[in-house]
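Please work through the following exercises with the model at hand. Each task is followed by a worked solution.

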Amino acid sequence: MSKSGRIQLNVRIDHETSKKLDEIVDYYQKNTKIGRVYKGDVLSDIIHKSYEIMEKQKAIQSRKY
């Protein structure tokens, strides 16, 4: 994942959400062969995948029958 053009986001999340993110990062780390996995990279991946799903749903909803 490219590090150029990055910005820093400061957000507050509850403890439970943080624990879930840690579990997801551990899962990515165990199931990918790219080396060290960072929380920011995992969040970026989740956001990109969610965005793709949203765009597909919007396209389906905008179809005219």
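Predicted model: local features only at pLDDT ≥ 70, side-chain atom pairs only at ≥ 80, totals over all residues.

Residues are numbered from 1 along each chain as its sequence is written, and side-chain values use heavy atoms, without hydrogens and water.

**Exercise 1.** Determine the secondary structure and the spread of the protein chain.

Solution. Step one: the protein chain has two helices and zero strands, taken as DSSP runs (H or I, at least four residues, for helices; E, at least two, for strands) numbered from the N terminus. Step two: its radius of gyration is 15 Å, well over the 11 Å of the globule rule for 65 residues, so the chain is more spread out than a compact globule. That radius is taken over C-alpha atoms, and the rule is 2.2 Å times the number of residues to the power 0.38.

**Exercise 2.** Identify the residues of the largest nonpolar core.

Solution. Step one: a nonpolar core is a set of buried Ala, Val, Leu, Ile, Met, Phe, Trp, Tyr and Cys residues joined through side-chain atoms within 4.5 Å. Buried means under 20% relative accessible area, exposed over 50%, partly exposed in between (1.4 Å probe, protein chains only). Step two: the five members are Leu21, Val25, Tyr28, Val37 and Val42. Helix H1 (residues 15-31) gives the largest share, three residues.

**Exercise 3.** Describe the setting of Val42.

Solution. Step one: Val42 belongs to helix H2 (residues 39-62) and is buried, at 0% relative accessible area. Step two: the C-alpha atoms of Val42 and Tyr28 are 7.6 Å apart.
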